[in-house]
Amino acid sequence: MSTTARDAAIAAKRLAREKSSFDSLARRFYAGVFNYLCWISRDRGLAEDLTQETFMQIWQHLPEVRGERALKAWVFRVARNEYLQHRRRAGLETVALEDCVGSEAADLTSPGPQLSLEREGLRRAVRGAVDKLPDHYREVILLHNLEGLSLAEIVEVLEIPVGTVKSRRAKALSMLRHLLQEEEVGNDAM
Amino acid sequence: MRCDEARENLHGDAGRLGHARLGLHLLRCRACRAGAREIRALDSALSALPRFTPSAELLPAVLAQAQARRQTTETQKETRTMKRLAYAVAFLIIAGLLAGGLLTKARPPDGRALLISAAEAMEEAKTIHVVFRGTEAAPDSPTGFRMMPGRGEMWLSDRTVALRYVDSAGELLLASYLDCDTALWWVYDRSKQSLYEANLGAVRERLPQIVAKVSRRFRGEQLVEMMTTEYPDAQESVSTERHEGRLVRVVTFVYTHSKQPRHITARRVFEVDPETARLITARRYAKVEGAPEELIDSLDKVEYDVPMPPGLAEPRCPNDTQTIETSVTLEETSDTVSLVMQHNGVELGRMDTAKAD
């Protein structure tokens, strides 16, 4: 095989690898990205559009990304930037999270009906409480507790110091505790 | 560990040592233990947050869109890339010009064999000097193709990679020079009125290998890589014509960008010296049905084994240019070695080479 033909074969393999790595990356992250975008945009249709836009950005810039370690944070940063860009373009529209959740939250697939109801109650309470958090606190909770990003990865996504991430998380948890306590008191009173 | 430190570390990422110290503190401090329990309880409650499941169509749509984009990025990528990296301007034009020929799959063997030989001749030359240009699309251009208008020159050897690109008025837009003998890399960017200089002394030992690979990538591998976009319906033709008093082989590929918003027919024309198998010129055209064909870019001249011109290392920038010292790092992955020029955390240039031969 000539040098150029061999190079062509190498190049073709590399492109195939690149495509394959994009496909596996998309498969790995699309559901998480969609979930995150759904939570922050509160709009399922928009979240689907933004997920597609996010992966188009990823597709274009994937060859520039170096290092598996930063990959997850980078993917979520791209998703967040897509959302922020959309917000700047369209102006912020807030939709009740309930509209986004639809029937999904009523997914009662637990062992027994009583436990299901308790879990569903807790789920609703937590969801309601998280939805009431200011955006900058909510983001930290969503990225950490829902998407499993470490604090160091959240630093990369939000581009803020680690101390700020920690303090936002602490404040978010503190607010959640109060909100859940209020919810509990309200339920007890009924 | 004090209580305030402990409270901070309760939120994770304390590191192994921090975690151990936190554990010790929690054994002794009832208040912090209560805080830790509370955080665990909240984390547990948060695990009950519902997840939104995307529709079954989303993933196929993402993958299909990427696949469609793959087939159109070749031209679109040009405009984006040239803003980021000086070398890319030269590379994309040259690669784009050569692209249709070498890797178009549905083709008779003649044209392909001719162009593979041409690429080999470029690789084997000790030095290569190319002159190329991007054309300015008319404001009402129906194809939507846009290249950076202007002219460029590139000199490539195993020791040096140099580029100069001027606009239609002759003003320097981009220039770059990477040389392993002087261990110097500079990039001039008119949009920033800046000349970025980096001393490569720290990576001097690796330079000969890296520069040779970078240079060969421009001449061979990466050109070919750019050409791996498949145009299954490409029609190939080979003819012999007279060019400036001598006979040349003309290889033409015609294919369509069916994924573009509009149906675009692209044509790539290569002139090859039949005796030496060397590429003489290459041109790329695009046409929308019913509109005149447009020249997108052109490789006007390729010179082989010419001496590198004196003064190539001199930036010759406009007077209002500020010179900025930058740093260069060597980044390695399992597949690649890259020289990366950065200033204030912004990447100014990148030279990627594959580790594999």
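This is a predicted model: local features need pLDDT of at least 70, side-chain atom pairs count only at pLDDT 80 or more; totals for chains, interfaces and linings use all residues.
Which residues does A:Val162 touch, not counting residues up to four places away in sequence? They are A:Leu151, A:Ala152 and A:Val155.

A:Val162 is found in helix α8 of chain A, which covers residues 162–189. One of its contacts, A:Ala152, is 10 residues away in sequence. In space, the two C-alpha atoms are 6.8 Å apart. Is A:Val162 buried, exposed or partly exposed? It has 13 C-beta neighbours inside 10 Å, so it counts as partly exposed. The cut-offs explain the label: exposed requires 12 or fewer, and buried requires 20 or more.

Along the sequence the pattern reads α-α-α-α-α-α-α-α. Chain A has 190 residues, and buried residues make up 33% of them. Consider next its contacts with a separation of 6 or more. Residues 24 or more positions apart account for 64% of these.

One helix pair in chain A shows the packing in detail. Helix α6 spans residues 135–146, and helix α7 spans residues 151–158. Their axes are 10 Å apart, and the helices pack at an angle of about 130 degrees. That angle makes α6(A) oblique to α7(A). The crossing of α6(A) past α7(A) is right-handed.

Which residues meet where these helices pack? From α6(A) come A:Glu139, A:Val140, A:Leu143 and A:His144. From α7(A) come A:Ile154, A:Val157 and A:Leu158. By type, the residues of this contact divide into 5 nonpolar, 1 polar and 1 charged.

Chain B has another make-up. It contains 7 helices and 15 strands. Of its 357 residues, 39% count as buried. Among contacts with a separation of 6 or more in chain B, 57% are between residues 24 or more positions apart.

The largest nonpolar core has 47 residues. Which of them touch the most other members? They are B:Ala118, B:Trp185 and B:Leu279. Helix α6 of chain B, residues 109–124, supplies the largest share of this core, with 7 residues. A second, separate core has 43 residues. Its members include A:Val33, A:Ile58, A:Ile141 and A:Leu158.

Return to B:Trp185 in the largest core. Leaving out residues up to four places away in sequence, B:Trp185 touches B:Tyr177, B:Leu178, B:Ala198, B:Leu200, B:Val328 and B:Met341.

Two loop residues of chain B deserve a look at the backbone. B:Gln193 lies in the loop between β5 (184–189) and β6 (194–199). It is not a glycine, yet its phi is positive, at about 50 degrees. Is B:Gln193 buried or exposed? It counts as exposed, because it has 12 C-beta neighbours inside 10 Å.

Technical notes. Residues are numbered from 1 along each chain as its sequence is written. Chains are lettered from A and ligands numbered from 1 in the order in which they are written. Helices (H or I, at least four residues) and strands (E, at least two) are DSSP runs, numbered from the N terminus. Two residues are in contact if their C-beta atoms, placed from the backbone, lie within 7 Å. A nonpolar core is a set of buried Ala, Val, Leu, Ile, Met, Phe, Trp, Tyr and Cys residues joined through C-beta atoms within 7 Å. Axes are lines fitted to C-alpha atoms, for helices over the stretch in contact, and angles run from 0 to 180 degrees between N-to-C directions. Angles under 35 degrees count as roughly parallel, over 145 as roughly antiparallel, 65 to 115 as roughly perpendicular and the rest as oblique. A crossing is left-handed if the near helix is turned anticlockwise from the far one by less than a right angle, and right-handed if clockwise. Ala, Val, Leu, Ile, Met, Phe, Trp, Tyr, Cys and Pro count as nonpolar, Asp, Glu, Lys and Arg as charged, and the others, Gly among them, as polar.
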